[in-house]
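Please keep the sequence and the coordinates at hand while reading.

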Amino acid sequence: MRTAQHPATRPWRHAIAPGGLPLAGHALLMGRKPLQFLASLPAHGDLVELRLGPRPAHLPCHPELVQQVLVNARVYDTGGPVKEKAKPILGNGLITSGWADHRRQRRLVQPAFQAARIARYAEVMERECEAEATAWTAGRPVDVSHEMLALTARVTAGALFSTDMAPHAVAEIQHCLPVVVEGAYRQTIDPTGLLAKLPTAANRRFVDALTRLNRLIDRMIDDYRASDDGDRGDVLSALFAAQDDETGGTMSDQEIHDQVMTLLLAGIETTASALTWAWFLLGRNPRAEAALHAEVDEVLGGRAPVYADVPRLGHTQRVFSEALRLFPPAWLFTRTTTEATELGGRRLPPASDVLISPYVLHRDPGLFPDPESFDPDRWLPERAKDVARGSYLPFGGGSRKCIGDVFGVTEATLALAAIAGRWRMRPVPGTKIRPRARMSLTTGPLRMIPEPR
């Protein structure tokens, strides 16, 4: 495995990605086979230059260089084509805000994800996971991707807006969110910016879904402003109550709106995608599945899981960690330099784009032995200690690390345990899955057969 060296003395390898075309650069490769293309680049160098359209970008392929980018958020700020296309959709939330705004927002949003709050949200998770586990029929195939998306939508909506949220609002989120996510991805991969302006049916669906989501969030905010219920124990209550320790300021309605939109888009599809991959991998790895069932039986004894069980469900969490390694939902994100700087011995001018790909790092055999294998036990403490710092980034890193990481892991652990306690999931014969690199790394439809345990 790779060993760390001081960044100033290490002999970094630089390269230009092969296969670029005039004007388009590597945009066509990124559009057609992004995972294969990106995963091929570490063989060329530690820092690889590519072009998305006429604009150059740099992909650090070594964890030391990735860490250098992630821990220096002032110099490597969020930016690039992804941010430019996402900001009209997400507003100025945690994902899209610049360094100074992000520092303030992080202070204000962080209390909504403190341990005591997570315990409250877990009540929603427990209820919804048990409802999901009891809704299936033995032998009747289910689209696991659809079911996990519906589950995480109910959980996220319930945690955001309290448990008495009207069912029609959850249905609205479930309907609109996939359309918005798909439309956002189409805009992101278009280097010209022209596709979004065409009067296509897909663009009309995207605009309609985004408008409906924005209206729903505004109605929720208006309802909270008009009521005097105090703290409802949900995320929105925490956002209303948040006060900046440094300035004493609070968030405006527009700032709250942008954070809610960000949390919806970041909190639903990503966890659903990772859970779907976990079921896919378990269905093809009987030993890991048997270990999951054994742990769930031992810890739960036939009952539904609760928040207090999460620390005892170690193998269950390792299954999720390994699914995140093989198929990280946030497979690519971008940064832009705010000033001239040096990365891996290469001088980068201001406004240079830097791409970070957890997918590339997670499948590097120099970082993870036998990287294509599904091996939850690689996350046992005695083995995980050998994982190089900065090589495992399912939730990003640095000051912009996903604020909902504990929320997501808790939700996924309860979901896996609740369903595995009742069902053994079998792939429908002939099912073939190819990773779909969209805003998240998804399976697409995944039909599996639940067999009673």
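Which residues line the largest cavity? The lining consists of Trp279, Leu282, Glu289, Leu292, His293, Ala420, Trp423, Arg424 and Met425. The model is predicted, so local features need pLDDT of at least 70 and side-chain atom pairs count only at pLDDT 80 or more, whereas totals for chains, interfaces and linings use all residues. Residues are numbered from 1 along each chain as its sequence is written, and side-chain values use heavy atoms, with hydrogens and water left out.

**Cavity**

- One cavity of 30 Å³ or more is found in a search of the whole structure; a cavity is a set of points, on a 1 Å grid over the protein atoms alone, where a 1.4 Å probe fits but cannot get out, and its lining residues have an atom within 4 Å of a point.
- The volume of the largest cavity is about 40 Å³, a volume being the space filled by probe spheres set on grid points that are joined across faces, edges and corners.
- Two or more lining residues come from each of α12 (269-283), α13 (286-300) and β10 (423-427); helices (H or I, at least four residues) and strands (E, at least two) are DSSP runs numbered from the N terminus.
- By class, six lining residues are nonpolar, one is polar and two are charged, where Ala, Val, Leu, Ile, Met, Phe, Trp, Tyr, Cys and Pro count as nonpolar, Asp, Glu, Lys and Arg as charged, and the others, Gly among them, as polar.

**Strand pairing**

- Strands β2 (residues 47-52) and β3 (residues 55-60) are antiparallel and share six bridges; two strands pair if DSSP finds at least two bridges between them.
- Two residues separate β2 and β3 in a hairpin, and Gly53 in its turn has a positive phi of about 75°.
- Arg51 has Pro56 in β3 as its bridge partner.
- β3 also pairs with β9 (residues 353-356), in the parallel sense over two bridges, and His58 stands opposite Val354 in β9.
- A three-stranded open sheet with antiparallel pairing has the order β5-β13-β10; its edge strands, β5 (142-143) and β10, each pair on one side only.
- β10 and β13 (residues 447-452) are joined by five bridges, with Met425 opposite Pro450 in β13.

**Helix α11**

- The 15 residues of α11 (residues 253-267) should span 21 Å at 1.5 Å a residue, and the end C-alpha atoms are 20 Å apart, which agrees; the expected span is 1.5 Å times one less than the number of residues.
- Because eleven of its 15 residues are buried, α11 is largely enclosed by the rest of the structure; buried means under 20% relative accessible area (1.4 Å probe, protein chains only).
- Among the buried residues of α11 are Ile256, His257, Asp258 and Gly267.

Definitions and conventions. 1 Å grid on protein atoms, 1.4 Å probe; cavity = no way out; pocket = protein on both sides within 12 Å on 5 of 7 lines; lining within 4 Å. Buried < 20%, exposed > 50% of the residue type's maximum accessible area, 1.4 Å probe, protein only.
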